[in-house]
Amino acid sequence: MSATLERPSPTLAGPRTVAPGKDSRRLIRSQLRAGWVLIAPALLHSGIFIVIPVVFAIALSFTDYSFGDSWAWVGFQNYSDLFNDADFRAALWNTILYAVVVIPISMAISLFIALGLNQKIRGLAFFRTAFYIPTVTATVAVATIWLWIYNPGSGLANGFLSLFGFAPNSWLSDPGTALPSLMVVGIWQGLGTKIIIYLAALQGVSRDLLESASLDGAGRWQKFANVTWPALGPVQFFVLITSIVGTFQVFDLVYVMTKGGPGTETTVLVLDIYQNAFQALRLGYASAETVIMMILIAVFIGLGRLLQRADVND
Amino acid sequence: MRRSAGLAVLVAAVGLVASACGNGVIDKSTDGVPPAEATGTLRVLLPSFPASNDGRKEFAKVVADFSKKYPKMKVEPDFATYNNLNEKISTSIAAGIPYDVMVTGVGWVQPFAAKRIFADLGDFGVTPDVIKSKSVGALIPAVSYQDRIYAYPLLADARAVALRISAFKEAGLDPNDPPTSLAEIKVAAEKLTKRDKDGNITRSGFDLAGATSFRQPFVTFLASTGTPLYINQEPNFNNEKGLETLNWIKSMINNVQKYGQQNAAQQPLVYSGEAAMGIVGGAIDCSEKGLGQATCDDLKFFRFNSGKEIEYVGGDLASIGSRSRHKEAGFAFIESLTQPATLDAMAKLNKKLPAYKDAANSPQAKSNPLSKFVAEGLPFAVNENSPPSNWLEMRFNFDSQLTQAVLGQKDPAKVLANLAGQSR
């Protein structure tokens, strides 16, 4: 039998043992101190920039604060108003729709491209760079380019489709195509990061297992389904979580391209929060919206975890 | 011992950072201090000086005039735009460093006065009578809240309607007898609209100048029926006239103008010939660098009249921050802004009219035919009139809900009822 299947001896691989007594307690204390010192900057940063703002946002969500001189506690009024607010409902629906469409499609396309880039093909470095460029380009610049692509008069999209006899379309001002048009940009822009992560994970898939599967007569699909896919599990989860957070926080793309229009067809949660807070000056109301968005992201991440567990159990 | 020493170092570090962040931001109050001895920084927020060399040069003249009275005070300008004005104001308040002087537009005064962000200019002797005698009386409702004045008009942003004479003649219409009522405009616009063989609009019959927002066009068209949007902050649009107006806009979009149509320069489409008739701004450049004399000669201006002759007039309105520690200096700065020569320069830079009493005889009004026309039309001025204190919120509601009604996604009557219910 192979030696790798044998449980390693605890005396060889286990933690260093120290005889109980004063020295060991001092060592543990010193390790604890070192641990606290090392995480102190991160804790301080999280405390100031995450915990305090979150606590403030939650507190503000129960007030009618609007940058004026006076404010009052309003209990759950903002929350009940939100669910009667058609703009908020539209923003909520659009955000969920955007996430539900963009996340799986972008993950699938990214994985597909990463599988291609994991082969020994010519111009690999060029393709890897090309796919990553949208990620490192400022969203405002990306959005401006896509505004031109979607321009109803002189845009590339209509120009290309006209070759096949399609009539020109007002992509961003037509209620039926505005949100899907933004989804296309969102999918395209998010590919780079996902591809890089998948590529790194693919390169970590055990060659031995792949070779063993080949020797056992497995085809490409069987190798992918039984070796590669299970090995990508933790990475899939990471990509899913970051994608959920990213898509729920989409703002700059929408702000530059449509400002939420036509009507509320492309209004998303962060845009609505921004408009309520800084343009309509309803900070308490916008804070309630923020809290709901946080809960929603948590729910989606929870669902992602459940899916992940189900996948592992399968 | 070590633990407490570490804690002390941490507290000291946090204190140092906190004090560094806050150090030097808050000035001592200069109110009551003789102007020659007052020191500090006057923070001014202005969308009235464009980010050009000419804009900066004119602003420097204002500062020079102000410095004659307040020689030791520094002026810190923030040249905002109307698109980011609220963000600038709200973040300055949140940061605890509100502006001393803020220039805003029609619709801003009531919400900010209600939130006590703007100071009552009555303390500086500004009354409706003062504005009536020195400025544009039609802007009094726009600068008033609960019978007090919270802003002083600097510029009047007037809009007219223009037609292309050649297009009218081509369509068999008389350019000397322009359509002025909503019904007449629709009939003429349909005749003036050009389409390709597939039925796509190639030249709009009427440019509503709304592109994707119908708020200001709605206010304008509604006012032309003799119906102001708000009266004493109460909604006045959830009625037969309001519904007729909204249905009229709905009947125009994708009939005489495609929804969302605007050109790259975001200029009125009638100037470029992309529309035969439409709403235009308050000034036109007939030089060869601008539209050219031939285009200017082909334009004729008129006003809406569906029962009441009107001209939409917005404006640049100067206010003092209620939390300012330099209110007197702020008012002195507004006085510098309102020097006739300064207003003339600002009007030219912004293609608007100076908001002084005799604007019809201003250099701007004499410089081009459109400014002359809108200056003569100031007695017909209308705007949102006296919007409610939640107008900043209502602007968005109007933008999105009117669009939904125009695009057929919501019932116009329900939209108007909803908007009236949301106004408070």
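Two strands are said to pair if DSSP finds at least two bridges between them. By that rule, strand β7 (residues 160-164) of chain B pairs with β12(B) in the antiparallel sense, over four bridges. The model described here is predicted: local features need pLDDT of at least 70, side-chain atom pairs count only at pLDDT 80 or more, and totals for chains, interfaces and linings use all residues. Residues are numbered from 1 along each chain as its sequence is written, while chains are lettered from A and ligands numbered from 1 in the order in which they are written. Helices (H or I, at least four residues) and strands (E, at least two) are DSSP runs, numbered from the N terminus.

**A sheet in chain B**

- Strand β7 belongs to an open sheet of three strands in chain B, with the order β12-β7-β13 and antiparallel pairing.
- The edge strands of this sheet are β12 (277-280) and β13 (299-302) of chain B, each of which pairs on one side only.
- From one strand to the next the twist averages 35°, where axes are lines fitted to C-alpha atoms, for helices over the stretch in contact, and angles run from 0 to 180 degrees between N-to-C directions.

**Domains of chain B**

- Chain B is assigned domain 1 (2-158 + 314-360) and domain 2 (160-312 + 389-422); such bounds come from an automatic or database domain assignment.
- The C-alpha centres of domain 1 and domain 2 of chain B are 33 Å apart.
- Contact joins 10 residues of domain 1 of chain B to 11 residues of domain 2 of chain B; two residues are in contact if their C-beta atoms, placed from the backbone, lie within 7 Å.
- On the side of domain 1 that touches domain 2, the elements giving two or more residues are α4 (109-114) and β6 (152-158) of chain B.
- The largest share of that side, three residues, comes from α4(B).
- That side of domain 1 divides into four nonpolar, three polar and three charged residues; Ala, Val, Leu, Ile, Met, Phe, Trp, Tyr, Cys and Pro count as nonpolar, Asp, Glu, Lys and Arg as charged, and the others, Gly among them, as polar.

**Where chains A and B meet**

- In the interface between the chains, 19 residues of chain A are in contact with 21 residues of chain B.
- Helix α13 (residues 269-279) of chain A gives the most to the chain A side, with three residues.
- By class, the chain A side that touches chain B has seven nonpolar, nine polar and three charged residues.

**Annotated regions of chain A**

- An unreviewed UniProt entry lists "transmembrane region" for residues 34-62, 96-117, 129-149, 179-201, 235-256 and 283-307 of chain A; annotations may be inferred rather than shown by experiment, feature names are shortened, and positions are given in the numbering used here.
- Residues 129-149 of chain A are 90% helix and 0% strand, with end C-alpha atoms 22 Å apart.
- Residues 235-256 of chain A are 86% helix and 0% strand, and their end C-alpha atoms lie 32 Å apart.
- The unreviewed UniProt entry also gives "domain: ABC transmembrane type-1" for residues 92-304 of chain A.
- Over residues 92-304, chain A is 75% helix and 0% strand, with end C-alpha atoms 19 Å apart.

**Individual residues**

- B:Val270, in helix α11 (residues 269-272) of chain B, is buried because 25 other C-beta atoms lie within 10 Å; a residue is buried if 20 or more other C-beta atoms lie within 10 Å of its own, exposed if 12 or fewer, and partly exposed in between, with C-beta atoms placed from the backbone.
- Beyond its neighbours within four places in sequence, B:Val270 is in contact with residues including B:Ala162, B:Arg164, B:Met277 and B:Val280.
- B:Leu85, found in helix α3 (residues 85-94) of chain B, counts as buried, with 20 C-beta neighbours inside 10 Å.
- Residues up to four places away in sequence aside, B:Leu85 touches B:Pro47, B:Ala80 and B:Thr104.

**Backbone exceptions**

- Most residues other than glycine have a negative phi, and most peptide bonds are trans.
- The peptide bond from A:Gly261 to A:Pro262 is cis, with omega near -5°, and A:Pro262 is placed in the loop between α12 (252-257) and α13 of chain A.
- B:Asn232, although not a glycine, has a positive phi of about 50°; B:Asn232 is found in the loop between β10 (230-231) and β11 (234-235) of chain B.
- B:Asn232 counts as exposed, with 11 C-beta neighbours inside 10 Å.
- B:Gln233, not a glycine either, has a positive phi of about 70° and counts as partly exposed, with 19 C-beta neighbours inside 10 Å.
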